[in-house]
Amino acid sequence: MESTGRCGAVAARASGDLLLGIVAQRLIPRAEGSGRLPVFEIVKSNGRTRECVEKGEHEGKTLVLHPVDPLKNARRKRPPRGGAHAVPPEKPVSFDPPKHTAHRALLNGLFTPKRLKENEEFMWHLADRLIDEFIADGRCEFASAYGQPFPLLVIADLLGVPEEHHAMFRKLLAGNRPAVDPEWAQHDADGTVNMNPLSYLDKWFTAYITDRRASPKEDILTEMATQSFPDGSRPEVVDLVRIATFLFIAGHETTARLLSSSLCVLAEDPDLQDTLRRNRERIPNFVEEMLRLESPIKSDFRLTRVATTLGGVDLPAGTTMMLLPGAANRDPAHFDCPAELRVGRSNARQNVAFARGVHSCPGGPLARIEGRVTIGRILDRMSHVQISEAHHGPAGARRFDHVPLYILRGLDALHLEFTAA
Ligand code: HEM
């Protein structure tokens with residue numbers, strides 16, 4: 001196998017493409033679970049990883065790379081589900097054009113400048129509401145108190161979920177085991193409890209969209225329910241349900257991890273807190289640096305549909321590739337001293353945390369605003385934010401648990417102490 005030190009994304013050419021994936025599955029959780037050693041430091045890059053990530057989906061008119069859902073095979077092994085609200089599990093991220101292009105147009109309709117502006121107003125209020133819940137304690141477990149519920153409710157607002165249902169969404173999706181809560185449990189056709197927490201979302205969005213199609217109102221759900229594909233045809237209810245539920249999958253955990261990573265870095269550095277408190281205009285670039293250094297999506301998967309050459313490596317058709325945006329973001333050929341946080345880094349925004357190409361993240365602008373609002377509000381309302389030694393150990397010997405996944409990078413828990421400003 002070619003050394004992973006040369007180009008993580010194409011390293012597996014000689015020994016079979018699955019090998020890198022298997023090694024990565026074992027290596028990444030172990031390395032990250034043991035502390036803050038980012039896997040991007042293991043899979044170093046010489047410029048070609050970025051090339052692979054940036055290549056996008058097309059080469060001329062030939063479709064080269066087909067997105068792969070790494071969980072698909074695992075899912076297939078499970079017995080089929082037949083609940084009353086079962087929505088087929090395919091998501092837009094694994095579609096190819098032209099189907100992807102049509103579905104992506106529905107998605108883009110949700111991220112208009114007007115909608116983002118309204119959504120930002122909601123974020124400022126939401127940030128205050130969540131901080132109010134724990135500020136008097138002088139301490140919090142940030143990931144569950146803020147990091148998880150904040151992006152969840154931001155997406156609920158973006159989609160126009162009625163505010164009286166927000167508490168329910170929070171309970172279902174940011175809770176521990178909502179599937180087994182008798183109040184909410186969904187059952188498959190054979191009567192067994194469906195353990196997929198998103199089955200609730202399928203149910204609710206099917207109901208919302210069906211309702212708005214039958215009785216349109218002046219609201220965002222109606223706008224969503226009455227959208228058309230670019231060719232003028234009307235999407236099935238299930239197409240819209242898929243889009244809505246996928247936003248929760250794609251935009252919730254990713255942003256939650258970005259927020260916790262950012263707070264962790266801030267809490268370790270009182271000077272940085274002062275700098276950002278006094279120079280608010282530098283917060284957006286701090287968020288870019290966190291996207292670059294902590295890249296919540298560590299890996300994407302692609303399948304070559306035709307033989308091609310990528311990063312200088314010949315790839316036969318049918319090769320599964322693991323692309324590593326996080327490694328590309330620490331590419332010394334692109335970023336000086338890539339492992340260092342530099343709030344003033346001029347090209348920080350050139351990170352590829354949101355990927356490139358037709359599947360690049362449509363939620364990037366939203367996630368950036370969420371980062372900016374969160375950091376701004378926390379600096380407004382708290383001073384002396386620091387890591388809890390009782391939970392994470394003393395400075396220089398901290399212990400953090402990261403999610404044991406090879407797709408996502410982020411902290412499981414972050415205990416903070418602070419003074420209310
Ligand atoms: C820090 C936060 C986020 C990160 C790091 C992130 C990263 C990514 C990446 C790397 C992809 C490409 C996946 C691939 O090519 O296989 C992606 C796709 C996607 N993201 Fe995000 N994302 C974030 C937040 C969001 C938010 C807030 C939303 C929406 C509310 C969102 C919605 C989506 C959707 C719908 C796709 C699929 C696009 C497509 O296939 O056309 N993401 N994201």
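Where is the place of aspartate 157? Select it in your viewer: aspartate 157 sits in helix α8, which covers residues 149-158. Helices here are DSSP runs of H or I with at least four residues, strands are runs of E with at least two, and both are numbered from the N terminus.

Before moving on, a word about the model. This is a predicted model, in which local features need pLDDT of at least 70 and side-chain atom pairs count only at pLDDT 80 or more, while totals for chains, interfaces and linings use all residues. Residues are numbered from 1 along each chain as its sequence is written, and side-chain values use heavy atoms, with hydrogens and water left out.

**Stop 1: helix α8**

Keep aspartate 157 selected. With a relative accessible area of 15%, aspartate 157 is buried. Buried means under 20% relative accessible area, exposed means over 50%, and partly exposed is in between (1.4 Å probe, protein chains only). Now show its contacts, meaning heavy atoms within 4.5 Å. Not counting residues up to four places away in sequence, aspartate 157 touches Arg115, Asn119, Phe122, His166 and Ile220.

Next, select the whole helix. Because 10 of the 10 residues of α8 are buried, this helix is largely enclosed by the rest of the structure. Among the buried residues of α8 are Pro149, Phe150 and Leu158. Step just past the end of α8 to glycine 160, which takes a positive phi of about 80 degrees.

**Stop 2: the nonpolar core**

Select Phe150, Leu159, Phe169, Phe205 and Phe248. Of the 78 residues in the largest nonpolar core, these five touch the most other members. Such a core is a set of buried Ala, Val, Leu, Ile, Met, Phe, Trp, Tyr and Cys residues joined through side-chain atoms within 4.5 Å. Helix α12 (residues 237-267) gives the largest share of this core, 13 residues.

**Stop 3: the ligand**

Which residue gives the iron atom of the ligand its single donor from the protein? Select Cys361: its SG atom is that donor, 2.3 Å away from the iron. Donors are N, O and S atoms within 2.8 Å of the metal (3.2 Å for Na, K and Ca); water is not among the atoms, so sites may look incomplete. Cysteine 361 is found in the loop between α15 (325-328) and α16 (364-381).

Now display the shell around the ligand. It holds 30 residues, and the closest are His100, Arg104, Arg302, His359 and Cys361; a residue is near a molecule if one of its heavy atoms lies within 4 Å of it. At least two shell residues each come from α5 (99-108), α12, β5 (300-304) and α16. The largest share, seven residues, is from α12.

For arginine 302, an N or O atom in the side chain is 2.6 Å from an oxygen atom of the ligand.

**Stop 4: leucine 411**

Finally, select leucine 411, in the loop between α17 (389-392) and β10 (415-420). Leucine 411 counts as buried, at 3% relative accessibility. Leaving aside neighbours within four places in sequence, the contacts of leucine 411 include Arg257, Ser260 and His402.

**Zoom out**

Show the whole protein: its secondary structure comes to 17 helices and 10 strands. Of its 421 residues, 53% count as buried.

Technical notes. Polar contact = N/O pair within 3.5 Å; in protein donor to acceptor, adjacent residues only side chain to side chain.
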